[in-house]
Amino acid sequence: MGWFKRLKTGIQTATKFKKEAPDGLWYKCKDCNETTTRKELKENVFKCPHCNYHVRIGSHDYFDIIFDGNYTEMFSDIISKDVLNFQDVKKYTDRLSAALSKTDLTDAISVASGKVNKKPLVIAAMDFTFIGGSMGTVVGERISRAIDYCLDERVPLMIISKSGGARMMESAFSLMQMAKTAAKLSLMAKAGVPYLSFMTDPTTGGVTASYAMLGDINFSEPKALIGFAGPRVIKETIKQELPEGFQTSEFLLDHGFLDFIVDRADLKERIAELLLLLDKTYEGEEELEEEKEVVEKR
Amino acid sequence: MVFLEFEKPLESLYEQLEKIKAVGEEGDIDVSDKVKELENKIKTKTKEIYGNLTGWQKVQLSRHPERPYTLHYIEHMCSKFVELHGDRYYADDKAIVGGIGRLDGMSVMLIGHQKGVNTKMRQYRNFGMANPEGYRKALRLMKLAEKFNMPIVCLIDTPGAFPGLEAEERGQAEAIARNLIEMAQLKVPVVCYVIGEGASGGAIGIGLGDKVFMLENTWYSVISPESCSSILWRSWDHKEEAAEALKLTADHMLHFGLIDEIIKEPLGGAHTDPEKMSKQLKSHIKKEITALLEMEPDERVMKRIDKYANMGQYDIIEED
């Protein structure tokens with residue numbers, strides 16, 4: 001016999017009287033298991049204040065981090081179409097509408113133009129939350145149009161990759177986006193308009209094997225998974241454990257596929273620096289002025 | 001002869017035919033009528049079976065152990081051929097072969113995936129799964145072709161780029177990506193043919209061209225039906241369904257506008273008459289290259305890029 005007897009059973013509060021508990025007030029780090037408030041995490045550009053783990057973030061977070069305030073989103077009116085009438089355990093159309101309602105996104109990439117320390121830049125950033133950041137026709141088309149815009153305006157392009165690879169539900173259409181984006185990038189190369197490829201966790205499959213690896217400058221966040229085949233597939237193929245740190249940013253830097261790794265806190269400054277250095281018309285006014293000041297002081 | 005599962009009805013007919021022929025050779029019984037009858041039966045049955053192949057059956061056919069591979073075609077199409085080896089950086093990949101060949105008075109660069117014809121050779125060729133050095137060798141040969149103004153022919157037949165540890169270390173993704181961007185700008189004509197399996201990045205890594213064709217019983221997809229089944233259905237047992245869902249046959253690809261034309265195979269598949277298939281392929285290659293040579297190089301490159309830029313269908317939503 002218990003000491004207390006429950007008079008009413010079950011939950012009595014009607015749904016509409018329930019108090020909203022703010023969703024995810026706390027963040028528990030996946031790497032070090034320490035907890036941080038969401039607010040603190042955001043102030044720290046979504047890096048764990050304890051271990052510097054770079055939490056996966058979305059396209060608009062990157063826009064906020066990199067651009068000087070305002071930016072204009074482009075090509076968000078282009079949306080996916082289920083040409084194949086694809087169905088596995090779920091219909092592709094259901095997967096699409098689930099992704100559309102779960103996120104504020106219209107596909108796995110968002111394109112925006114803005115300024116970085118007053119220098120114009122177009123960023124196409126991928127979202128892992130939209131069907132695993134998979135590359136289908138819309139991703140290819142938006143990149144293709146971003147390239148057209150950059151060529152017309154002679155503005156540098158930056159693609160932030162974050163993807164599980166090509167979107168299976170669009171079969172050969174998604175495969176052809178590899179060829180499409182690479183072919184369009186060849187026009188950027190010819191025209192001498194800079195293309196920066198920034199890889200974030202994770203960048204794999206057809207995305208790595210097309211635009212992600214084709215940057216004039218390839219760089220990434222620390223400890224991101226970057227590769228062609230997924231680690232599980234490789235493990236099954238070679239039937240051995242994979243060495244520690246395999247397919248991480250550091251591994252790729254070591255093997256010569258990245259120019260550098262950048263901490264998210266320094267990302268904006270580093271991009272601004274590159275944009276200045278790659279600009280042929282840049283004469284280094286700031287440096288000249290600094291020198292002048294030094295001379296005057298003397 | 002090797003019979004696939006759906007070809008089993010043919011196997012018994014062929015057996016009967018062999019027996020009757022043997023009887024005819026032994027004694028003085030005239031079996032010619034019976035032979036003719038059986039041959040007709042075989043023809044009808046073959047037409048019946050091959051008239052309605054499912055996606056999965058075409059996948060099986062594309063992997064038929066007797067199917068002709070790249071070197072077979074090169075041997076039968078070219079009067080002269082010198083195979084060239086190595087990527088000049090690391091190694092010579094055995095899963096991609098290439099070299100300069102003579103096609104009726106025209107020198108061309110031929111590059112293709114190569115599978116092995118027996119167990120030992122299959123291993124030697126890594127089952128047609130190339131490492132980065134394979135793609136880099138292919139690119140070196142393409143650049144060589146460009147230098148000497150030779151058209152390029154790519155023959156695609158791979159279950160995918162090799163997903164190994166060393167392939168990652170040496171940059172499998174970079175090698176494929178590099179080929180794509182470079183192939184887009186090649187000044188010489190590039191024609192590609194899927195002659196067997198066209199799986200994913202491994203296939204398109206030598207597959208970007210002015211024109212892309214598929215033999216009748218081949219497939220082209222972003223992923224093999226088996227891997228698709230294992231990822232989306234979380235089991236290997238749904239490969240037939242995956243093959244249907246992926247719409248990977250030559251007919252589908254033509255319908256979607258992703259390839260330019262289907263090359264007919266002899267009834268029963270390329271392996272039933274490899275010589276005829278080689279002849280057909282050769283005349284097709286010659287015809288296409290001749291047509292492409294009519295164009296100025298810059299125009300060809302622009303057309304090639306535009307063709308890929310137009311691939312994909314999407315909707316446009318009205319902005320509020």
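Predicted model: local features only at pLDDT ≥ 70, side-chain atom pairs only at ≥ 80, totals over all residues.
Residues are numbered from 1 along each chain as its sequence is written, chains are lettered from A and ligands numbered from 1 in the order in which they are written, and side-chain values use heavy atoms, with hydrogens and water left out.

Chain A and chain B bury about 4,900 Å² between them. A salt bridge here is a side-chain nitrogen of Lys or Arg within 4 Å of a carboxyl oxygen of Asp or Glu.

**Interface of chains A and B**

- Buried area is the accessible area (1.4 Å probe) that two parts lose on being put together, summed over both. Of the area buried between chain A and chain B, 73% is on carbon and sulfur atoms.
- In chain A, A:Met168, A:Met176 and A:Phe228 lose the most area to chain B, together 14% of what that side buries.
- Contact means heavy atoms within 4.5 Å. By that rule, 57 residues of chain A touch 50 residues of chain B.
- There are 14 residue pairs in polar contact between the chains, both residues at pLDDT 80 or more. A polar contact is a pair of N or O atoms within 3.5 Å; within protein, one must be able to donate a hydrogen and the other to accept it, and residues adjacent in sequence count only if both atoms are side-chain atoms.
- Strand S4 (78–80), helix H4 (137–153), helix H5 (171–191) and helix H7 (231–238) of chain A each supply at least two residues to the side that touches chain B. H5(A) gives the most, with 17 residues.
- Helices (H or I, at least four residues) and strands (E, at least two) are DSSP runs, numbered from the N terminus.
- By class, the chain A side has 33 nonpolar, 15 polar and 9 charged residues. Ala, Val, Leu, Ile, Met, Phe, Trp, Tyr, Cys and Pro count as nonpolar, Asp, Glu, Lys and Arg as charged, and the others, Gly among them, as polar.

**Strand pairing**

- Two strands pair if DSSP finds at least two bridges between them.
- Between the chains, S4(A) runs antiparallel to strand S9 (residues 314–316) of chain B, joined by 3 bridges. A:Ile79 stands opposite B:Asp315 in S9(B).
- Within chain A, 7 strands form an open sheet of mixed pairing, in the order S3-S5-S6-S7-S8-S9-S10. Its edge strands are S3 (71–74) and S10 (260–261), and each pairs on one side only.
- Strand S9 (residues 217–220) of chain A pairs with S10(A) in the parallel sense over 2 bridges. A:Phe219 stands opposite A:Phe260 in S10(A).

**Chain A overall**

- Chain A has 10 helices and 10 strands.
- Of its 298 residues, 53% are buried. Buried means under 20% relative accessible area, exposed over 50%, partly exposed in between (1.4 Å probe, protein chains only).
- Among contacts in chain A between residues at least 6 apart in sequence, 68% join residues at least 24 apart.

**Salt bridges within the chains**

- A:Lys268 pairs with A:Asp68, the closest N and O atoms being 2.5 Å apart. The pair links distant parts of the chain, 200 residues apart: A:Lys268 is in helix H9 (residues 267–278), A:Asp68 in the loop between helix H2 (59–66) and S3. A:Lys268 is buried at 18%; A:Asp68 is partly exposed at 28%.
- A:Glu241 pairs with A:Lys235, with closest N and O atoms 4.0 Å apart. A:Glu241 is exposed at 61%, and A:Lys235 is partly exposed at 38%.
- B:Arg170 pairs with B:Glu133, with closest N and O atoms 2.8 Å apart. B:Arg170 is buried at 15%, and B:Glu133 is buried at 6%.
- Salt bridges that share partners join B:Arg63, B:Lys115, B:Asp157, B:Glu197 and B:Glu226 into one network.

**B:Ser229**

- B:Ser229 is in helix H10 (residues 225–233) of chain B. It is buried, at 0% relative accessibility.
- A polar atom of the B:Ser229 side chain lies 2.3 Å from the backbone oxygen of B:Ser235.
- Beyond its neighbours within four places in sequence, B:Ser229 has contacts that include B:Trp236, B:His238 and B:Ala242.
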